[in-house]
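Thanks for coming, everyone; today I would like to talk about how chains meet in the model on the next slide. Please keep the picture in view while I speak.

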Protein chains: 4
Amino acid sequence: MSELFDPLQAGPDVSAQTGDRAFVQAMLDFEAGLARVGAKAGLVPARAAADIADACWADRFDLASLGRRAVGSATLVVPMLADLREMLPPDSAGHLHLGATSQDVLDTALMLVCWRALRPVLADLATAAEQLARLAESHRSTVHIGRTLLQQAGPTTFGAVCAGWLVGVDEARATLSRVRRERLAVQLGGAVGTLARYGDRGPELVGRLAAELGLTEPVLPWHTSRGRIAELASALGTAAGTLAGIALDVALLSQTEVGELAEGSGGGSSAMPHKRNPARSVLITACAHRTPGLVATILAGMPQEQQRAAGRWQAEAPVLLELLRLTGGAAYHARDLLHGLRVDAVRMRGNLELTRGVVFAEPVTEVLAGHLGRADAGAMVTEAARTATAHRRPLRDVLDESLAARPERIPETELDTAFDPRRQLGAAELFVDRAVAAHRRMPGGSE
Amino acid sequence: MSELFDPLQAGPDVSAQTGDRAFVQAMLDFEAGLARVGAKAGLVPARAAADIADACWADRFDLASLGRRAVGSATLVVPMLADLREMLPPDSAGHLHLGATSQDVLDTALMLVCWRALRPVLADLATAAEQLARLAESHRSTVHIGRTLLQQAGPTTFGAVCAGWLVGVDEARATLSRVRRERLAVQLGGAVGTLARYGDRGPELVGRLAAELGLTEPVLPWHTSRGRIAELASALGTAAGTLAGIALDVALLSQTEVGELAEGSGGGSSAMPHKRNPARSVLITACAHRTPGLVATILAGMPQEQQRAAGRWQAEAPVLLELLRLTGGAAYHARDLLHGLRVDAVRMRGNLELTRGVVFAEPVTEVLAGHLGRADAGAMVTEAARTATAHRRPLRDVLDESLAARPERIPETELDTAFDPRRQLGAAELFVDRAVAAHRRMPGGSE
Amino acid sequence: MSELFDPLQAGPDVSAQTGDRAFVQAMLDFEAGLARVGAKAGLVPARAAADIADACWADRFDLASLGRRAVGSATLVVPMLADLREMLPPDSAGHLHLGATSQDVLDTALMLVCWRALRPVLADLATAAEQLARLAESHRSTVHIGRTLLQQAGPTTFGAVCAGWLVGVDEARATLSRVRRERLAVQLGGAVGTLARYGDRGPELVGRLAAELGLTEPVLPWHTSRGRIAELASALGTAAGTLAGIALDVALLSQTEVGELAEGSGGGSSAMPHKRNPARSVLITACAHRTPGLVATILAGMPQEQQRAAGRWQAEAPVLLELLRLTGGAAYHARDLLHGLRVDAVRMRGNLELTRGVVFAEPVTEVLAGHLGRADAGAMVTEAARTATAHRRPLRDVLDESLAARPERIPETELDTAFDPRRQLGAAELFVDRAVAAHRRMPGGSE
Amino acid sequence: MSELFDPLQAGPDVSAQTGDRAFVQAMLDFEAGLARVGAKAGLVPARAAADIADACWADRFDLASLGRRAVGSATLVVPMLADLREMLPPDSAGHLHLGATSQDVLDTALMLVCWRALRPVLADLATAAEQLARLAESHRSTVHIGRTLLQQAGPTTFGAVCAGWLVGVDEARATLSRVRRERLAVQLGGAVGTLARYGDRGPELVGRLAAELGLTEPVLPWHTSRGRIAELASALGTAAGTLAGIALDVALLSQTEVGELAEGSGGGSSAMPHKRNPARSVLITACAHRTPGLVATILAGMPQEQQRAAGRWQAEAPVLLELLRLTGGAAYHARDLLHGLRVDAVRMRGNLELTRGVVFAEPVTEVLAGHLGRADAGAMVTEAARTATAHRRPLRDVLDESLAARPERIPETELDTAFDPRRQLGAAELFVDRAVAAHRRMPGGSE
């Protein structure tokens, strides 16, 4: 909720859905919904329910004033109800907020905001996943040097790299969708969670309100049982972390010295006109970096006192809104990043050759082991790799010299195979197919 | 893994399952399993597989030496394989660790340890839930004053309180069980995740190994795709937070001034012989308090470089082991806490009467509103509550005086109802029934 | 920066000082300052410096537009400079941002905002400390039952409790003041931290700019050396945690069943007119609860790549602004809380008597040990405490009966002393004097 | 405290100093010290004090048994005192633990362990700093391409890079030393912090005990005032984060494609014999990565109830021990890393030339601006940089062609300067001198 920072840290849709006005509207949607189901249940006159629903528009409220007047009671609900009552005919005002407590309003509002803000988050994730699937297919066989601990290790394909990213994003989507569908529940419990005001009709009212607002019906009021909030926060943090993994790799593969990837719209610099910065990767990383601390804040807030917490509950809403914004921002920027990603297959091939064959030491050792025994083969390749690196010579040339001094004759075709990246890809391409197939089976969009 | 602190922070079973020896055994189980499935697939001689399996016993290894020698390569796998090779006949040694990379060993070992350690965690949670269900049923109608923001608010039942706890624990169990069942996957990818050593038979090997070890088969190797670790960590943190909520309430309700609950084996004090400390609640709180930061560490570690991370991956295992221990400790102590929990229903009733009726202000206002109008009723009750509190008089007496000055006559029976806690319980007892019924429908134990 | 939530989570002054406009103004203050010192050093024409300074007013900028246009380059500086250049005569525009890089602008702006926002934070902390000193003095001898693990333990004074809070607040103030004075440094390094554009005059420029802006001069540019940010974040988190400790105790001592404290302006409830909620304590707790995760985010962001980080740096500013707001909010509410705190010395005395003498078990045991030996004394008191608690009888009566069966005669005056809270206060009052004296020696206000 | 993991995550000295036995010894040191100062103050017979001191050796205790028996009371002090009493003559046993409470023992023990474990941590940091100072001096003028957002940006020297690291490490050392010297305080308060057992002699005893144990004397007992713990944790986290920044850069500069640095003892790989992994960087990163969450745990634990916390205090010791170990581990591995670091100045120079002059775009633009005006110069260089990059041509050649079409003549010497990295170093070498001079002024070792 900062004009300045929000474009960097949240997509425009999520920014709007988690803003002050959207939050107040969700509070008002609770009150309007409660009045409507109260009317259906015969507990509120139809006239009053209609009056209440008519008044429940956030644009009518002075948000800054609500904030200021909330301090005295530590809850936004008190001034919001006061303003709402003033807008209503006295007869109708008496039926407002029937049997509810302030936490019912705020928890349900938070759930509504989450439901609404998750739609664009999930849509951006779905788009990103689809782009990854296309990249994986396009580059199914594009040879790419795999790197472990930031050292070149052995060949794979860039499609396999994208397939790994895709599986991560699809798993994050599946979890986030499930939490959205199953865990965003209406809150209605009254002062101490018994719905005392409705006699024995409380559960009926809860069920009606859940249906009215499109939220799940909980087993019982969850005022101080915050597992669903924890699960949502965790799913958001996991999704953000998944995207940050992609951004990290894009930034690494975009390094001047690596140059295998470039962002379509590389960012400018205030001092260096020539630079093409990995701006989207930077933004994704910056968004995601802020999420683990917020998830921990939610988890640490789970122990809540008795029938309403004295502080940890009140900390939840702004933290969860921030999590929605940051994960939304990461997804928004990731969609853009992947949309414009430029892949330089020539450079990938060139980098694979940088070590002059040393990255094939493992398959070469396997070949030699078949002829010289494992111990000799290992020693010879390790020594040859060292020489090749030190003198900047092709590993194969160095090995040929060593092998010449041995009685065994190694068939050239075996060594050709060991030094051919295309024949050292193992299941890389099969894994692309599996990942894309699994992706195609997933339900789409925000479902 | 501290003789001194572990009894306080982990139950004995989880402590054993997450200890040094158990971890090394899980690493060895990977190697033995890989050799066995390699033999089944015809890639490893049966003799070698048998030799390898025979050698894979953690008791044969010098754990301190493994640790010391791991520093040079930053991985425990290098010295473990060195020791293992020394134990094997040369012909068999060559077939060890076929096509695998050190991360395959460590990730699979971690998954095995999680699978094993979660069994006692889930068993303790199941026992705790069962005890909560019994408490909820026993105290379905035990009148209890609900408290919000640590202030007395209105009547509920202690059974409803337990039902709320029960739903939280059962939800945490369900999530943890699901993650255990679906997300603990075998890791087998080889140097860069392509299983290059197996040609195109890699996926077959992964499937066989998953079956052999009782773990899930992933879509593809997940070396730097850590969503499953994040989900497990989150589920552990959520479970711990849920238990901490119960412990917090038990400690609050055990205060000298409240006295509604007491731990069966209240802890002694080194200086004050008379005290009965809520020792189990303290231990649960201490365990759970440490989990959110660890979950954040796991989430912050999700962005992992390329085909193997240079640091954040290596941080995962000890953190996840700690999370298992701490959540396990919380569950272990919670089971004990609930087993011995003493409920003082007389004191609960007494506390409900402390305010001399002021906690019934809400239903009393409702009654009066029907006769005096809402505005007058609200003002009268607020004023009377203030007087009653200030002069330590029963609210009903104060109200009777105020009402005497008004023309309206309020039927005594209506006020009797408003002041009778048993008739102000709303759906408290129904909610107990719902929670217990939902609990009875859950699969039991560690399933 | 939310109209709705900021009054709850930040005092009005800190809210203004950390808002969008204040941040942009600080960025502009950097540019104006740089131009001015450039002119003094003869590197920028006086005319250009004056033009630049004239243009540097945040009110002239469209903040939302800045935010939107920052996405492409992942930095607010690019659009800010573009807008600024448009406002300047071309001759002057060429002298803007002389030799600086975007990180110089943003880091220095952040330091300026911290400097400015810490003033009201420290002022509120100073006021709170002063109120604590007065409370400590007023209640230097007000007998109060000390509680450990939420159980009554032994007598102290409420003044000693306040003295403990005071020392905590004064220590947090001292640390925060020191960090503000010593660690808020100007940033000026140019593209890669060498100030290449200024030849060998770079250090001179840095010194001049530090003096111009009232910030510290660093040893060298600190683009990826974020220790000062970490220290500031930690000091803010420590201050917030200290205040949360006070809030927690106020809330506990305000419980209906305890009633020793009450907030002056206890918050109302939307459903329960009679309640006097500890609203300020709740707000302080809610603010402080959110700080540890943010401090962790700052610390986790310390490893920053090479000469400018690709994401973790960009995450810092919004997190640090949030930390300022939340700690500021905690301080603002704490000042209010302590200003209006109502202390019920009668209730304190009454609660001390709740256990009918059992809380004196420790000194009573000491007395008896002198006559019966330690073992017999301990056993007798433990047994008597149990009986007294179970049968709700005065401990002294129970003890008298037990002692009657023994040959030893215990002088009544010794037991009088053991059972007299005023004579069991140890150094409580001395500690009050020490804490207040230490407080009086501290420099005041925001110094 | 894991044989397996500790060598990876803590240096051997810190590991020993934070182990179970060291912790119990520190608890016993408290008891022995208290008896000694009690004797000096005339409150304990000299004989008893001598007996107690004689018994206080950790080797006499069964650590596992202490742990198991601590569960009942949730504190290790109860079984420790029980065992100790059994070792003492009855007359002396009665003088044990005089006037103290269990928290006094545990808090003071923790402070002693911190004091002791910080010595090797600070020594390793001092050694690392000294190595950085030498590297900075040796490479004061070694040309090195600065990189921002992982893109080549402009020239600096490797010495300047080391100087930046050095300042960070020295600042972290200074803070950690200050906290060690000023904030590690003895704890002695008795049951509720009043030292009731000593009458008015409490403060005297505290002062004596502080002197006896070599710890600071606090203003008053700090049972629930945990600022000093928070400051220590923060200082440890800041130190670890500083080291992780160095490790990150070493790993990045060691990439196969960059090759400017290598660890002296590059780690082997279980599958790839040729790899030289940045093993120490990985270990440092893995250690440091775990610290922010632990710092957050400590900060989140600051709100502690009344006169002794019911859970958050009990969580502190293991977390702080872990922080000591992990920061100690990072320092230990950093010392090794820097000791053996190999710098390839030839590769540094080679990488600087990778862009064929594009990294000099900024100074070149400055030169041209003096002749063509800023706008034309900027446009020409940007265009030329694009062409040079696209066609892999030297920027200067492309520019020469563009300049040939213009009437202005640019002196070759000006362009020579702009394209000469040695003349574009700005204050890089001066900054090295400043950092090393500041380092030489610091007190050494663990002071």
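Predicted model: local features only at pLDDT ≥ 70, side-chain atom pairs only at ≥ 80, totals over all residues.

Between chain C and chain D there are eight salt bridges, a salt bridge being a side-chain nitrogen of Lys or Arg within 4 Å of a carboxyl oxygen of Asp or Glu. One of them joins the side chains of Arg197(D) and Glu366(C), at 3.0 Å from N to O.

Residues are numbered from 1 along each chain as its sequence is written, chains are lettered from A and ligands numbered from 1 in the order in which they are written, and side-chain values use heavy atoms, with hydrogens and water left out.

How many residues does each chain bring to the contact? Chain C gives 79 residues and chain D gives 79 residues, where contact means heavy atoms within 4.5 Å. Together the two chains bury about 6,300 Å², with 62% of it on carbon and sulfur atoms; buried area is the accessible area (1.4 Å probe) that two parts lose on being put together, summed over both. Of the area that chain C buries against chain D, Val219(C), Gln306(C) and Phe431(C) supply 11%, more than any other three residues.

Finally, chain C can be laid on chain D by a turn of 180° and a shift of 0.0 Å along the axis, with an RMSD of 0.1 Å, after least-squares superposition on the C-alpha atoms of residues with pLDDT of at least 70 in both. The same surface serves both copies, since 100% of the contact residues of chain C recur in chain D.
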